[in-house]
Amino acid sequence: MVFRQYINYRTAYDRLNSLQSDVNSNTGKTVEEHPEEEKIEGEDLERTEESPETDIINIEEGDKDSDIINELEQSGIEVPDKDLDWDSIHEENGDIYAWIYVPDTTVDYPVLQHPTDNSYYLNHNMDGTTGYPGCIYTEDFNSKDFSDIHTVIYGHNLKDKTMFSSLHNFEDEALFNKDHYIFIYTEDYVFVYQIFAAYEFDSLHLLDNYDYTNEYVYEDYLRNIYQTTDRIANVRADIHVTTADKIVTLSTCTADHDSNRRFLVTGVLVNPREQGM
């Protein structure tokens, strides 16, 4: 059983490495090979890796995203380049609909959503095998065009610092207080979110328990983020988020895997998409 888990684990990571290499090929980045692990039991993985450097998009005349990217770069936000061949990506897995990249972490992965089973990618890899590392995924509470007021993206916290494990980097207050962004690439848009909170929260379902279309509910939710006093409670008071804004939350387990808590990293959308785009 342990051997089968190990084979599934290595196969899943090999396929992820291959896909990451393709996506980052035009930046000159290479994906670090995973050294041999002594054992695979639950989440007891030992590998660590540093986030690779990323080049910046070269704007070409006529590029449909060029105006958006130019505007972001004029405001000091550099959009990392990704060589996303969506036809090839969909051949890998048709449930992939976006790519997420978070500088200063190892988060650089496809985002999936299963059409019928919200928990499928919690326990399944991109190739359909069961076990870790699983996938970065959303549930059908969220649309796949990032038009919702609040989008929640899930990923495991593994000891090898892959998937969403390195989001815990933002527990470091000095690092957190610098400007950080979440980049989400789709076939026709790049969504950029500025991180304003990294904190622990109750393990309740963030989308099933709040009606964000109710302005008072959403306002109260945001207020609770800014007023959080949990053991991990890094919040940028200088970034003002209102009910007119859209947010994304990256959700993973706490460092000590407390089943009653979750570690959340939340960002506010800085480049809202115009209607009709």
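Start by selecting Met163, which sits in the loop between E4 and H5; helices (H or I, at least four residues) and strands (E, at least two) are DSSP runs, numbered from the N terminus. Before you go on, note that this is a predicted model, where local features need pLDDT of at least 70, side-chain atom pairs count only at pLDDT 80 or more, and totals for chains, interfaces and linings use all residues. Residues are numbered from 1 along each chain as its sequence is written, and side-chain values use heavy atoms, with hydrogens and water left out.

**Stop 1**

Is Met163 buried or exposed? Met163 is buried, at 1% relative accessibility; buried means under 20% relative accessible area, exposed over 50%, and partly exposed in between (1.4 Å probe, protein chains only). Check its backbone too: phi of Met163 is near 55 degrees, a positive value in a residue other than glycine.

On a 1 Å grid over the protein atoms alone, a cavity is a set of points where a 1.4 Å probe fits but cannot get out, and lining residues have an atom within 4 Å of a point. The structure holds one cavity of 30 Å³ or more.

Which strand gives the largest share of that lining? Color strand E2 (residues 108-112), which supplies three residues. By class, the lining has eight nonpolar, one polar and no charged residues (Ala, Val, Leu, Ile, Met, Phe, Trp, Tyr, Cys and Pro count as nonpolar, Asp, Glu, Lys and Arg as charged, and the others, Gly among them, as polar).

**Stop 2**

Go to Pro133, in the loop between helix H4 (120-123) and strand E3 (136-137). The peptide bond from Tyr132 to Pro133 is cis, with omega near 15 degrees.

Then pick Phe146, in the loop between E3 and E4. Phe146 has a positive phi, near 60 degrees, though it is not glycine, and it counts as buried at 2% relative accessibility.

**Stop 3**

Select His168, in the loop between strand E4 (150-154) and helix H5 (173-176). His168 is buried, with a relative accessible area of 12%. What does its side chain reach at 2.9 Å? That is the backbone oxygen of Cys253. The His168 side chain also makes a polar contact with the side chain of Glu171 at 2.6 Å (a pair of N or O atoms within 3.5 Å; within protein, one must be able to donate a hydrogen and the other to accept it, and residues adjacent in sequence count only if both atoms are side-chain atoms).

Next, click Ala255, in the loop between strand E8 (247-252) and strand E9 (261-269). Ala255 is exposed, at 52% relative accessible area. Leaving out residues up to four places away in sequence, Ala255 touches Asn157, His168 and Glu171 (contact means heavy atoms within 4.5 Å). The C-alpha atoms of Ala255 and Asn157 are 7.7 Å apart, across 98 residues of chain.

**Last stop: zoom out**

Show the whole protein: six helices and nine strands, with 49% of its 277 residues buried. Color by pLDDT, the predictor's confidence in each residue, from 0 to 100. The mean is 84, and 80% of residues reach 70 or more. Over residues 28-62 the pLDDT is below 50, and this stretch has 80 contacts in the model beyond near neighbours in sequence.

Definitions and conventions:
On a 1 Å grid over the protein atoms alone, a cavity is a set of points where a 1.4 Å probe fits but cannot get out, and a pocket is an open set with protein on both sides within 12 Å along at least five of seven lines; lining residues have an atom within 4 Å of a point. Grid points are joined across faces, edges and corners, and a volume is the space filled by probe spheres set on the points.
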